[in-house]
Amino acid sequence: MVKLTQLIGCLMLFFVVPLTTLAQDRIPIPPDIAALSFGADQAARIVQPDSNLMAARAGRAKKAAPTNKSDTTNKADTTTKNLPAKQLDSTKYPAKPQLKIGGALRFNYNLSSWKKEQVKRGGDFGLDMFRINVDASHKKLDFHAEYRFYAKASGGSFLKDGYLTYHFNDSTNLAIGLVQNPFGNTTYNSHNWFFNLPYYLGFEDKASMGIRFHQRSNRWMYDLAFFKSAMELDFGDKTSIDPSRYSYDVAGRNKEVNQGNIKTEYLLSENKRIGVSGMLGGVYNIPTGNMGSRWAAAIHTDLNFGKFNVKLQSMYYQYHLADSAQYNHSVSLGAYGSTYDVATKAYLHTASVAFTQAVKIGPISSITFYENYSYMDKTQQGASDTQMNVLGMMLKAGNLISYVDWAAGKNQPWLGPEWQNGLAIGNQDATWHSRFNINIGYYF
């Protein structure tokens, strides 16, 4: 059990470090510093570059279209790179509204070792997802939304994220709506199509309903956010969330409410950053009407060395449920139309490395090779830990992006038969299972 004094100490650190930067002169970071490196399933989840990480807004009309996260060889707009701070701050905003509608169509082949009949068939090939992206801008306002269409068994159709952003200047903005939580390595803490374990516990590429403030100051970048709730689809008095959603959220007997996030990163150089993140929020128990709590903290780094990218992250989370004793050992999370149980406290460690090489093999212009490993250390007595590893590559050929992954897991719901309790108590007799997966997507 983590003592209250330890928690307060961690939260004080998360607040004091970024707030000390408020006294400094705000100098916008050059575009190459603010640019994201490629991320997990980055092409499969192409969006307008997140407003809180956009470079100076010169040339925004040219950037109105969603860009591929995988297209890491494309340089940011260099027209402002060498300008002094005053010239950057005086960048003119587009007077006329800009609108771009895009999307993607993806197909998936998979062969899962624990599905005997599927193995006999030699795997299955079918529809993965179709999506629509809308991005708009007018003066100091940006708008972004992404709506996805999956099979009914995978949750059907739902909004991935959607928010309105107001830019005070080139280094400060405020976003409101269904906004990504500033926690850990963002936008992604992985390189592969499957993500890493934090995603399956609601700590990677997770969006909630609320407001987020972002600012860059010299080498510091920080985010403060408040989220009233997860994406709400039913405004009943005592209703649980609908699991038809993209982000993994608290489900079943509980609801996540009144969550605060803070994230601080320090830029070691233009393409190397280290950071700390913290989260503290409420967990409302529907049957009893009582309020519980949850919190999480993480240290993380995202480093580029030439053609290599390395993402490292270690975090700890804990739930304190205001429920009956027999339900306090695990909490239910839901996404993609179904739910499963997870441990109420655990450590999560991830290590991901990727190498990108430009090539000329027919239409293929680049190949990214990656190895992503994650480990869930459950502190509950008698629980069996969870592991996940993804080895694969991403091939880029114009607007066509393909992932070829060999994903393996032990007590991982999506990579083996241990669905309901794999991330909770687990199975001591669980063995490694694997899934060979090819995802082919066209993005427009």
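Analyst: Start with a definition: two strands pair if DSSP finds at least two bridges between them. Keep in mind that this model is predicted.

User: How many bridges join β13 and β14, and in which sense do the strands pair?

Analyst: First the general idea. Strands of a sheet pair through backbone hydrogen bonds, either parallel or antiparallel. Now the case here. Strand β13, residues 330-335, pairs with β14 over six bridges. The sense is antiparallel.

User: Which strands form the open sheet, and in what order?

Analyst: There are three strands, ordered β8-β13-β14, with antiparallel pairing. At the edges lie β8 (249-250) and β14 (338-343), and each of these pairs on one side only.

User: How do I read β9? Which strands does β9 join, and through how many bridges?

Analyst: Take β7 to begin with. Strand β7 (residues 220-229) and strand β9 (residues 254-269) run antiparallel, joined by nine bridges. Phe227 stands opposite Gln259 in β9. Next take β10, residues 272-285. Here 13 bridges make the link to β9, again antiparallel. Asn254 has Asn285 in β10 as its bridge partner. A hairpin of two residues connects β9 to β10.

User: Now pockets. How much space lies in the second largest pocket, and how many residues line that pocket?

Analyst: Rolling a probe the size of a water molecule over the atoms shows where empty space is left. In this model, the second largest pocket holds about 740 Å³. Its lining has 28 residues. Nearest the centre are Asp128, Ser154, Trp193, Trp414 and Arg435.

User: Which elements supply the lining, and what classes of residue does the lining have?

Analyst: At least two lining residues come from each of β1 (98-112), β2 (124-138) and α5. The largest share is from β2, with five residues. By class, count 16 nonpolar, six polar and six charged residues.

User: What does the side chain of Ser190 contact?

Analyst: The side chain of Glu204. The two side chains make a polar contact at 2.7 Å. That is within the 3.5 Å cut-off for such a contact.

Key:
Residues numbered from 1 in each chain as written. Predicted model: local features only at pLDDT ≥ 70, side-chain atom pairs only at ≥ 80, totals over all residues. Heavy atoms only, no water. Polar contact = N/O pair within 3.5 Å; in protein donor to acceptor, adjacent residues only side chain to side chain. 1 Å grid on protein atoms, 1.4 Å probe; cavity = no way out; pocket = protein on both sides within 12 Å on 5 of 7 lines; lining within 4 Å. Points joined across faces, edges and corners; volume = space filled by probe spheres on them. Helix = DSSP H or I, 4+ residues; strand = E, 2+ residues; numbered from the N terminus. Nonpolar A, V, L, I, M, F, W, Y, C, P; charged D, E, K, R; others polar.
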